[in-house]
Amino acid sequence: MSRLRFRFGFTLIELLVVIAIIAVLIALLLPAVQQAREAARRSQCKNNLKQIALAFHNYHDAAKMFPVSISWSGSDDFRGAFSDKVFLLPYLDMKPAYQKTDFVTGCGAFDAGGWNCGGGNPNIATQSLRLPVFICPSEPNAVSSGQGNFNYAINHGTSHRNHTGTQDARAVNGNHNGVASFVQGAGAPSSHWLRSDQYVNTARVTDGTSTTALYAETQIDWLANQPGPDPDPARRRTQVHSWADSSPSTSATRQQCIGQTGLSGRPNMRGRSWAWSFMGVGSAYNHTMMPNEKTCHSYTDDWGGSNLMAAGSQHSGIANVAMADGGVRSVNQTVANEIWWAIGTRNGVETVTEF
């Protein structure tokens, strides 16, 4: 009588087939998982901007104007240069941090470069905090300790010219045409070289709050020590390049920056300190450069807020922008130049079509 034999386990060929099937499934699923994660990060990024925009409006309800950035202190130096983000803290559920801020001694906002107070800054503990509302979750990079880093900046307009090339009231030291306002610190003399912007409120946004940018994503400068050509343009655009902006029009200024190959003499600064209004850290961005385009310094008093810092993001092909009415838009980097310039000004009387 024949004896039945039962075989347990897999042959080598069967095992290899199973492994191959699993590998194919993983290869198919991984991009979908990565896309889902990025979609979640992009959604959180937009939510951060929404919170900032709502905080702006709550501040406006109380102060009847948008928060300012202090561009220069009363003691005629860069101490006390607080960004608008400091004044937003009470409206972002961080009132205790705001209350701990020392506005009196003149020692000023914390900066990781150590330019202020020789390490004796009383605001370091508060203003070197890492605040998630100021950080895009898709940002993989950090500068300095990473604690005070930020990815969102206020719109100061199209430098000191409107997009047609006509100089506006700012010229070199006047008023920006965005939503940001950079003012002197208390006690600065009226003859000071750096004059203050006008305060901005919704009444001054004559182009309409739904078609005027308020805040946008920016990128941390994490390759400042790697000059020269880079095989990855997406990495190269995170860097701050050298000086531009001696041209008679916004378009020509933009082309100057695009052609700039030299890097900033202020390495690893942009995105460093959310509490500091100095434009070296990119406390504001402008609409001269297109989204995800190259960033440059400007000849036009960067202590007063002017610069050629472009909006940009780690999200593929877009930059998230909070509008002055509180809405948040994902703006494609291929947006028409005229539209991007138009939404950058609060009072340019431009016609803005759909974007």
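Me: Which elements do the buried residues of α6 pack against?
Reply: This is a predicted model, where local features need pLDDT of at least 70, side-chain atom pairs count only at pLDDT 80 or more, and totals for chains, interfaces and linings use all residues. Residues are numbered from 1 along each chain as its sequence is written, and side-chain values use heavy atoms, with hydrogens and water left out. Helices (H or I, at least four residues) and strands (E, at least two) are DSSP runs numbered from the N terminus. With contact meaning heavy atoms within 4.5 Å, the buried residues of α6 pack against β5 (240–244), β7 (295–298) and α7 (337–344).

Me: Which residues of helix α6 are buried?
Reply: Buried means under 20% relative accessible area, exposed over 50%, partly exposed in between (1.4 Å probe, protein chains only). In α6, residues 250–258, that picks out Thr-250, Thr-253, Arg-254 and Cys-257.

Me: Why do they line one face of the helix?
Reply: Look down the axis of α6, taking directions from that axis to the C-beta atoms. The buried residues line one face because they fall within an arc of 100 degrees.

Me: Which residue in β4 is the bridge partner of Tyr-152?
Reply: Strands pair if DSSP finds at least two bridges between them. Here β2 (residues 152–155) and β4 pair in the antiparallel sense over three bridges. The partner of Tyr-152 is Glu-217.

Me: What is the relative accessible area of Asn-155?
Reply: Asn-155 sits in strand β2, and its contacts beyond four places in sequence include Tyr-285 and His-287. Asn-155 is buried, at 0%.
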